[in-house]
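Have a look at the sequence and the fold, then read on.

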Amino acid sequence: MANKKLKYIYTSLLTLSLIIATGLFYLFYTSLPIEDDEILLPGLKNPVSVHADSFGIPSIKATDRKDAYQVLGFLHARDRLFQMELMRRKSAGRLAEIFGSVAVNLDMNQRDYQFEQTARNIVAALPTDQKQVLKAYVEGVNAFISQAKILPPEFIMLKFSPEPWRMEDSILVALGLFQTLNGQEQDERMVTVMEKALPKELVEFLTPDTDAYATILLGGPDSHRPAQPVPVSAFAALDAQSAQLAKGSVDVDSSIAGSNNWVVAGNKTFDGRAIVANDMHLGLNAPNIWYRAELHYTGQYLNGVTLPGLPLLIVGGNNNVAWGFTNITADLLDLITLDINPNNPQEYLTPQGWRSFTKNTAIIKIKDGADIAIELRSTIWGPVSSKPLLGHPVAIKWIALETEAVDLGLLDMDKVTSVKEAMRVINQAGAPQQNVVFADRAGHIGWTYMGRFPKRKVSNGLVSRSWADASMAWDGFIPPEQLPRVVDPPDGFIVTANNRTLGRDYPYVIANNWALGYRAYRITELLREANNITEQDMLHMQLDTRSEFYEFYRQLGLQEINTVKHNDGIVNQSEQTLRAWDGYMHLNSKGAALLILFREKLAEGIFAKVVIRCKQYDPNFSYAWREMETPLRELLTQRPKGILPAQYNDNWREFILETLNSAATDLQSHYPDIELAQLNWGTINRITQHHPFSKSLPILGTLLDIGEFESSGCASVCVKVMSNEHGASERLVLAPAHPEDGILEMPGGQSGHPFSKHYRDQQKFWQEGKAAPFMPGKFVHTLHFRPI
């Protein structure tokens, strides 16, 4: 009897589960985007048609710009509404409203920037023509939200509906991009702690702005922070404690949102066309950050990638000009040390005397939890950070919080017909600060900067200072006409890859902590050797995995192994593994993993004394200087006394061999079934593009994630950037005179809906490095939008 009852309960539960699963599947399936229909769109001026190819890439045909972007807003919402929802909520600090207490700390940290108020200020200040386009775009987003019978699956699972989209939400998306690309406080926090903890000559040695691979475009060969001699006595004076105390606090790659872009002139190509190549490196997620689109209106044509949430073409081209971006790694944020009135802690010192903080209360709403009220304080310079620096409150002066520094000026790229016209638009656009390369139909090429840059009176912005003295303040922005530029250089090509592009002769300090120059160096090397270049050749360069950078460490290890007698198994394996490396980061390259880990452990040991001293002032300190390679190689070459942790007694040979053995032992323990010399790089460099839900609900990973797969490439020191943290979010190759030969590939697909056939249908091209056409293919779907 009991068994029958249990069987009945089990059968009932199974039936109920099947009913629920079937119901959910039905809901998810019926929430798929409609690809063929006639849609009434309030606010539309004239009919608009949207034709889409077999990959769901839309071609929008409208009679004016506002109509085109209104329909783009509808399509963005149709295909990427949850992505847009997350972006606006992340920027505003409102994730806890849908995810609960797990997101509270993220929200509290984000509220420091007070982006909501900034977005309101920016919208109010937008030029009329930009505001009209943004308003039309917002109407398109809201038309989809109001007409959607069933929302995308994520809304169903989280049991909420999106609020109407606002113009401010689009600006929040833009501010989120600013934050990803150049909103980091850690550089200034790091060097401020170093200045407090270390002698001046040691700080200068550890924070150069150049390296052996420097590739300069303008301003002469010298830099503002050149390499310095080893300050042996200053280094030796630091406490020689165990390197274990510094474990995990030296970031040798210090990866940032980066990119590669380059452009070649007609004298380097097979038929005289100028060609742009661009791959932007960002976090790899499902769905991808970008959305492909083609727009036709009033005689204008645009094609490339857009960002859901914004009415802009980010990179791509029009009929006459092609362009691509890389991050500058510019210094755009200052942390201002606040002098607090000892008699009134509610006041801080300004050049005009004591002034009270501006205060307001923010409410963080929490799903299934009680609201939390937090006090936000502001100064005349910007909001006050909730995180003190060396025990002092600091205000955030950041270009993204300046109303005049953010706009939709990229809209005007639709009309440019030449490199010089494009430069004028780009120099004046209020967008995240980027290197921009151009090619035009006439065969001209060029490079310049996009965005606003602070014009500092005294400081270079590297270390936190008090601004109670008026001489420390910004003096507005660098005038657009004074931003650096190069047009039609004699070499016939221009390359940037987040590296230092400027010499000391350029009159302004743009950045302090540039990215390592190896990628730009390698691309330059490839282009110098190349002639009769085609679009396929440019794609092949984007996929290049040569990493001469690690040859230094290969030779270092072999040199020390060869000086000692060894019968030890792990030493023999290390030698075989180093000798097996082919100089590339291919799938089947042997030895690459050992070299990467060897370098990481060398840096951790060599800089241990620095980290330990700085941790006395800030327990969270991490040494993450992107030009760390310059002091690291100098120390490994010079090998002075007083640098290494105490247990090595200044014996560099012992330190290097022990570090190599430690790296080999760690690798072998992670892959016990593979001989070290046979360990392929692809076995280690595995990529998965995670959906936001799969991290908290791994059981959904099979359905929601894209991947997992082995990949060639590396995190930062080969042209093909590809790691589990970040990689090429698109690969563009485009000659504006010949878009039919262009290439545009990206991970995933157009749709953010996991059940859509367009969720991952472009993945194969990107994953395997196969050329995907820039132009949309044969049209197989049509949407007709009609005004009401």
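## Two residues with positive phi

Let's start with Lys159, which sits in the loop between H7 and H8. Helices (H or I, at least four residues) and strands (E, at least two) are DSSP runs, numbered from the N terminus. Lys159 isn't a glycine, yet it has a positive phi of about 60°. Lys159 is also exposed, at 74% relative accessible area. Here buried means under 20% relative accessible area, exposed over 50%, and partly exposed in between (1.4 Å probe, protein chains only).

Asp368 is another non-glycine residue with a positive phi, near 60°. You'll find Asp368 in the loop between E14 and E15, and it counts as exposed at 79% relative accessibility.

What you're looking at is a predicted model, where local features need pLDDT of at least 70 and side-chain atom pairs count only at pLDDT 80 or more, while totals for chains, interfaces and linings use all residues. Residues are numbered from 1 along each chain as its sequence is written, and side-chain values use heavy atoms, with hydrogens and water left out.

The mean pLDDT (the predictor's confidence in each residue, from 0 to 100) is 94 for the protein, and 95% of its residues reach 70 or more. Residues 12–21 are another story: their pLDDT is below 50, and beyond near neighbours in sequence this stretch has zero contacts in the model. Contact means heavy atoms within 4.5 Å.

## Helices and what covers them

Which residues of helix H4 (residues 104–111) are buried? They are Val104, Asp107, Gln110 and Arg111. These residues are on the same side of H4, because they cover an arc of only 130° around the axis. That arc is taken from the directions from the helix axis to the C-beta atoms. As background, an α-helix has 3.6 residues a turn, so residues three or four places apart point the same way. The face of H4 turned away from the buried side carries the exposed residues Asn105 and Leu106. The cover over the buried residues of H4 includes helices H2 (65–92), H3 (96–99), H5 (115–125) and H8 (167–182), along with strands E14 (358–364) and E15 (372–378).

Helix H12 (residues 419–428) has its own buried set: Val419, Ala422, Met423, Val425, Ile426 and Asn427. The buried residues of H12 pack against strands E9 (321–327), E17 (434–440), E18 (445–450) and E22 (485–487).

## Salt bridges

How many salt bridges does a search of the whole structure find? It finds 43, counting a side-chain nitrogen of Lys or Arg within 4 Å of a carboxyl oxygen of Asp or Glu. One of them is between Arg273 and Glu535, with the closest N and O atoms 2.9 Å apart. This pair links distant parts of the chain, with Arg273 in the loop between strand E4 (258–264) and E5 and Glu535 in helix H14 (residues 535–542), 262 residues apart. Arg273 counts as buried at 8% relative accessibility, and Glu535 is buried too, at 5%.

Lys601 and Asp666 also meet through their side chains in a salt bridge (2.9 Å, N to O). Lys601 lies in helix H17 (residues 592–606) and Asp666 in helix H20 (residues 652–670), so the pair ties together parts that are 65 residues apart in sequence. Lys601 counts as buried at 16% relative accessibility, whereas Asp666 is partly exposed at 29%. There's a network of salt bridges as well, and it links Glu85, Arg88, Arg89, Arg94, Glu97, Glu116, Arg120, Glu163, Arg166 and Asp169.

## A cis bond and a buried glycine

Ala286 and Pro287 are joined by a cis peptide bond, with omega about 0°. Pro287 is in the loop between strand E5 (275–283) and strand E6 (291–297).

Gly769 is in the loop between helix H23 (763–768) and strand E29 (781–787), and it is buried, with a relative accessible area of 15%. Which residues is Gly769 in contact with, leaving aside its neighbours within four places in sequence? They are Leu539, Leu543, Arg731, Glu745 and Lys764.
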